[in-house]
Structures are given as C-alpha cells and as structure tokens.
Amino acid sequence: MDPKMLFCLPEGDALFNPLNTMFIQMACILVFSQFFYLFLKPCGQAGPVAQILAGIVLSLLTIIQKVHDFFLQKESASYYIFFSFLLRTCFMFLIGLELDLDFMKRNLKNSILITIGSLLTCGIIWIPFLWFLVHFLHIKQDFLTFYLAFLVTLSNTASPVVIRSIIDWKLHTSEIGRLAISCGLFIEITNIFLYTFVVSYISGTMSGDIFGYIFATGVIILINRFLAAWLPKRNPKEKYLSKAETLAFFILILILASTIESSNINSTVFVFFIGLLFPREGKTYRTLINRLSYPIHEFVLPVYFGYIGFRFSVTSLTRRHYLVLGMTVALSIIGKLLGVLCACLFLNIPKKYWLFLSTVLSVKGHMGLVLLDSNLVYKKWFTPIIHDMFVASLIITTLLSGILSSLLLRMQEKGFSHQKTSLEFHDTKDELRVLTCVYGVRQARGLISLVSALHGASSSSLFTPYLMHLIPLPKKRKTELLYHELDEDGVNSIGGDDEFGTNEGLEINDSIDSFTRDRKIMIRQVKLVAQMENMHEEICDGTEDLRVSIVFLPFHKHQRIDGKTTNDGEVFRDMNRKVLKQAQCSVGIFVDRNITGFHQLHGFDSVQHVAALFFGGPDDREALSLCHWLTSNSQIHLTIIQFVPDVDPKVEKLVGDAVTKENNEVLLEIVGEDHTKDEIDRIFLEEFYNRFVTTGQVGFIEKRVSNGEQTLTILREIGEMYSLFVVGKGRGDSSMTSGMNDWEECPELGTVGDFLASSNMDVNASVLVVQRHRHSFDSFVDE
C-alpha cells in the first residue's frame, strides 16, 4: 500500500476514504456486539459469539448497494489487512504476557497429547473427504497445499476466541479453563509450524529466512530483558513506566513482525514467544499489563472477532455447495470431538470435562483465515467460491461450538464451579491458591511474610498467591478526575494519589519486587477500588473468580513502634465481619505484630517458632490443615499444642447415671453428637500426628485444662515462646474456654483469638485466626 494513501483522501473532495470507513466499521461492530451481548449474556454465551454475529450482520447489510460501496471501497482490502496485522500483533503479545507459564509447564504432557490426538483424527477423517472435494471442486493441481490448507484451516483452534470465551465464563483460573487455553495455543502453534514448514519446503527459499527471524526474535527477547531491568531504575519513584518507554517495546516488536510478514511468513508465533519469555516481575511487566489489558480485551479483540464475521459471505454458493458446507462443518466438529475424547480417556481426565473440552477447542477463525489468504502463489486451486466456503465453514463451526460449550456449562454448572473452598480435604500435592487483602504497605509486609511461610522451601510446590490492594473510594472527592486518570505516570499526583492510595501502591510494589527477587515466587497483583460499604462484596466475588481456598484479611488494629496497638477504623472491622459471613471460601484474619512477633522470612536465615492451638472443631481442623504447608519450610519450627478437657471422674459418673433415667433419649442424642465431633477431631489429629510428629517434622504438646482460667494461664506462659499463633475461630461451648468471653473485645476472632490479639495481655506474637468455609459439603457434621 502506498504510504500516502494510508492517512490521506484518495482523490478530490471525497469525504469518506477507506481509512474513515474502516473506523466507522469498527464503531458499528462495537455497537452491534454490545447489543447482541445484552441478550446473549443471560443465556451464558461468551463475548466472541456476539461479536462474530455483529460482523455477520454488518456483512449482510452490504447486500444493499450503498452500504457495499461505502464499506468496500477501492484499496479497502489493504487497509483491513494492515490493521488486522496490527491488532493481531498486539493481542498475541498480550496473550504471551498473560499466559500462566507454570501451569503450562505442569500440564505440558496433557497439552501435547490432546494436540496430537486432535490433529491425527482430523487428518485421518479428511483423507477420504479430500478425495470427494477434489472431484467436486475440480481441483487439477497443487493437491498437497490444498490438503494442507484444508487440514490447517479446519482442524485449527482459534486461541484468542478460546481465551476470551474462557474469561467470559470465568474459567480462566480453573484447571479445565487453563488446560483449554494451553491446548488451544498448542494446536494453533503446531498448525502454523506445519504450514510454514511445508510451504518453505515447496518454495525452497524461505528456510534461511525463518532461521534468521528466529535469531532476530532471540535478540529482541534479550533486549527486552535488559530494558525491563534498566528502565525502572531511571525513575524509581514512579509507579509505572512512561508512555514513551512503553512505546519502545512495541516499536521493536512491530519492526520485527512487519519484516517477517514482508517475507510471506506469519509472525504470530514469533510475537507470542516474545511475550511469553518477557520477564514476569517488576515495574515493566506491571506497566505493560496495566496499559494493554483493558484496551485489547474491550476494543481490539471485539473488533478483530467482528472482522471475522464481516468476512462471512455465501452469495456465490449454490445448493450443491451448501451440502458440502454442512458436511465440512460436521466433520470438523466430529474430528475434534474424537481426537480430544481419545486423549482425555488416555490421560484420565474427568468425564464431565470431555465434551466441553472438545467443543471449546472446535472454535476457529484466527490463524485459519490468515493462512488461507497467504502464499496464494502456491495455491492455484484458490477461487472465490472455495474462499467463501472455507470462511463460512469456519464461522459456522465457531458459532455452533460456542453455543454448545455454553449449553454444556449451564447443564453442568455445579461440576465446573469452584470445589476447593476449604483446606481440610485439600491435598498438599494440589495447587494452593490464596488471596491476601491489604490496605497499605504496613499490612502488605506482614502478609507477604505469611505467604513466604506457606510456600515452604521447595520452589516446585504448587502455590499461587494473589495480593489484592484494597483502595476505599471516598464519597466526597477533591477532584473530578477518574481514578485511572490520576494513576498515569504520576502527572496528577498532587492531591490525588494520596486520596486513592497510589503512594501506598508504589511501596507495595517495591515490597513484592523485593520478595520476588529473594524467593522466586510470583505474587499476582489485583487492584480493587470500591466504596467501603460494598468492599466486602467485591472481595467475596474476587475469591470466587480467582478460585482461592482461603482469603487472608488484615486485622483492623496495628502495632505501633512502642508496642501498643492502634485502631485503624471500625469500617475495616465491619468489612472483616461481613467477609467472614459471606465468603465462599475459608477466611483468615491476620493480627500482625511485625515488631515483636512474626516477621519476614525472605532475606534472613533465622528460624521462627510457630504454635498451632488445637481445642477441637471444624475451625481448628482448618487451622491445622493450613499448617500442612508450613511443615515444608525449613525456617519454620511448628509445634502443635492440643488442649484436652480434664474432666472430673465424679462428673462422668453423674452423666452416666443421668442416661439411665426416663429422659435418656435426649441425653443420648446430645452425647452421641459430642462423640461424633470428638471422633472426627481424634481421627484428624491422629492422621496429622502420624504424618508429621512421628517423623520429627513437627513438635507436639498436650495440655490438660478444666476451665477457661487454666487455659488463660497456659496461654500467658507460652505467649513469649512463639512468634506466631495459628488458631481456629469458633469451637462452640467448651469447658476449656468457659468464662473467657466475659471480657471479649472482638468476637470475630473467637474466644482464644480475641485473647491472643488483645493489647492488654502479655502476648507479643502475631496471630492468625482461621474460619473454615461455612458452606462446605460436610459442614452439617460439625455445625
């Protein structure tokens, strides 16, 4: 395309040139897609379905001659190709940045086998159908490229469509959602490699170029790593990189991508790997994610999906072609279904996921369309009819697959919901996902130390921590600017950043970066800006979206330098109470005494002594279950202190005599319930003892008490011996804690937790109070 034509009017006084009409087309796609999404979202449909439908509607409108002349002007195809290249480069780089690399490494075998199964079955099914197509479409030459284009186009999976759909269904943090994303990327990358290899073999001239571009990609990756470490040092007091510094990364990527495309080689894989191998910590990574995520997910991808639908056209097809079109769509879905089912059966993936994984991996329309229109010199069979039939089959298959996937999700909604909402039955070999909530750097440092302790010594442990920065939005504000406008490059920081906690955010980022460098643990950051009245609802929604097993909240009081405690505000206490009541997972409230109690482990070699107090009950079992992850940390010395009721034999005799009276049925029922609870506690503690105490990993102490006064005495005695106490919140009526709640200050911490957190007691240790998820499937046994 002539550069002068790109931004100038083509001739004379024409009001609408192809560039203007293209932007109008983008606006129409966004408007139509939002309209369709309003009706389709309640039915469970994902955004790409609505956006492709918007493109189809716009395409059908071109039947009107004036609309056709307006949108499809001379040179318009060059504009569409150029801007689709820009959009594709942007979102493939972001996909590489956002991809869960740890999960992909863990599930590499599963992804590869599903990819191989999908391609093999599709390839086998297409062989007899190809013979039929060759005769039906009168193909006389280039049979290899015809079969290759057919296989790659119709066996491919459009990874951007899969990713956007999975995000809309809120499955991007689930095992099956991340597996679908990994498989979609593997299938697409494999098809691109296969296509490029065959075409380069046929051409005989592209092989050298490919190796040269691989080397250039490696150089760009090394340059990015250098810039990612160097640029933040130029302005250490800024929260993000400047826009000019951010642009430098895109200029490098666009130069490489455009050079690759000029050689008739697809640049998607190269751009994707540049994003995949980008450093995942520090200010540079946060800046790119912050600046790219919203515009690409909300504007770039919808326009790109709409453009896929805009290419839909069946005006040149006859009835005979419609029959072949239907057979093509059916075989495409069947081939993917058989391949994925065989792979799932071999990998022992749960049956409830088989059909969903097969249908969601059948979506198409990304690289299939790009490869279909490329290297036409080696496709002498290429005609407008074949093009329209291929495109129509891709779009129809994608719409059918998206609708089937959403129906399967609605039918098996419970099976795809978050199951690991408590820790008692959570295997330590499975991934532990935790969410820590902080208001500022003071709470962040303490909770980062807790995250460090839970991760243990092994860098291979499956542990995914999130940190949510809670920013209360004031009702009355000093400025009319929006939050994101105040948070750009610090240009509006005067009187604005402090109001929204931006300075605190900078210190939190520094703490996380320091922790990541020392422990090589990536903490994923989430920012939550909301009114305090609604903060608890946003946190509870976040726990479900992120699929965490436990959320840690900071106590509403903090320790001053002199050791005294200061109340941060009753609004924070009320929020903690509401989260405890409504959270769909277990909850831990962390009383941080960072001066005299538990402190950071990373960067130090000291060993800290932690005590888990066990009185009995579901919350104490949950607290002890959390300690499973502390046992593997070499810097933690864990001791279990079990409190056992010291019952007077005379009382036992009275109870036994009472059972023989006329009201024995009621008493037997009460005693039976108590024995059931005690039996559950005994079995749980015995299993923990045999696993950790007998091996010497954990210490064990038994304390016999008969009332709350004796319990208080023991707690005072051990208050200086440990830096952290882990205890469950509630345990019902117990003789061991009788009378302790007479001076209770914070009931949300439970009787024992409230005593340990009180500033009036001689306890200098930090305290973690744990409440088990109240809606666990077996909670009726304990409640």
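Me: In which helix does Glu 538 lie?
Reply: The model is a predicted one. Within this model, the helix that spans residues 535-546 contains Glu 538. That helix is α24.

Me: Is Glu 538 buried, partly exposed or exposed?
Reply: The class called partly exposed lies between the buried limit of under 20% and the exposed limit of over 50%. Glu 538 has a relative accessibility of 35%, so the residue counts as partly exposed.

Me: Which residues form the negative surface patch that includes Glu 538?
Reply: A patch takes residues with over 30% relative accessible area, and Glu 538 stands at 35%. The residues that make up this negative patch are Glu 537, Glu 538, Asp 541 and Glu 544.

Me: Where is Arg 547 found, and what is its phi?
Reply: Arg 547 is found in the loop between α24 and β4 (550-554). At 10% relative accessibility, Arg 547 counts as buried. Its phi is positive although the residue is other than glycine, with a value near 55 degrees.

Me: How many helices and strands does the protein chain have, and what share of its residues is buried?
Reply: The secondary structure of the protein chain comes to 30 helices and twelve strands. The chain has 783 residues, and the share that counts as buried is 55%.

Me: What percentage of the contacts with a separation of 6 or more joins residues 24 or more positions apart?
Reply: Contacts in the protein chain are considered here at a separation of 6 or more. Among these, residues 24 or more positions apart account for 81%.

Me: How many salt bridges does the whole structure hold, and how far apart are the closest N and O atoms of Arg 106 and Glu 431?
Reply: A search of the whole structure finds 23 salt bridges. One of them joins Arg 106 and Glu 431. The closest N and O atoms of this pair are 4.0 Å apart.

Me: How many residues apart in sequence are the parts tied together by Arg 106 and Glu 431?
Reply: Arg 106 lies in helix α6 (residues 101-106), while Glu 431 lies in the loop between α19 (413-416) and β1 (432-438). Arg 106 is partly exposed at 35%, whereas Glu 431 is buried at 8%. The pair therefore ties together parts whose separation in sequence is 325 residues.

Me: What is the N to O distance between Glu 431 and Arg 178, and how many residues apart are the parts they tie together?
Reply: The side chains of Glu 431 and Arg 178 meet in a salt bridge at 2.7 Å, N to O. Arg 178 lies in helix α10 (residues 175-203) and Glu 431 in the loop between α19 and β1, so the parts tied together are 253 residues apart in sequence.

Me: Which residues are linked in the network of salt bridges that includes Glu 431?
Reply: Glu 431 forms a salt bridge with Arg 106, and the side chains of Glu 431 and Arg 178 also meet in one. The linked residues are Asp 100, Arg 106, Glu 175, Arg 178, Glu 431, Arg 433 and Arg 524.

Me: Why are Asp 168 and Arg 164 separated by about one helical turn?
Reply: The side chains of Asp 168 and Arg 164 meet in a salt bridge of 2.8 Å, N to O. An α-helix has 3.6 residues a turn, so residues three or four places apart point the same way. Asp 168 and Arg 164 are separated by about one helical turn because both lie in helix α9 (residues 159-168), at a spacing of four residues.

Me: How many residues of helix α30 are buried, and which elements are among those that cover them?
Reply: Helix α30 (residues 750-757) is mostly covered, with eight of its eight residues buried. The cover includes β7 (586-591), β8 (608-614), α29, β11 and β12 (766-771).

Definitions and conventions
Residues are numbered from 1 along each chain as its sequence is written. This is a predicted model: local features need pLDDT of at least 70, side-chain atom pairs count only at pLDDT 80 or more; totals for chains, interfaces and linings use all residues. Side-chain values use heavy atoms; hydrogens and water are left out. Patches are made of residues with over 30% relative accessible area and no salt bridge: like charges are joined within 9 Å, nonpolar side chains (Val, Leu, Ile, Met, Phe, Trp, Tyr) within 5 Å. Accessible areas come from the Shrake-Rupley method with a 1.4 Å probe; for residues, only the protein chains shown count as cover. Lys and Arg count as positive and Asp and Glu as negative; His and the chain ends are not counted. The place of a charge is taken as NZ of Lys, CZ of Arg, CG of Asp or CD of Glu. Helices (H or I, at least four residues) and strands (E, at least two) are DSSP runs, numbered from the N terminus. Buried means under 20% relative accessible area, exposed over 50%, partly exposed in between (1.4 Å probe, protein chains only). Contact means heavy atoms within 4.5 Å.
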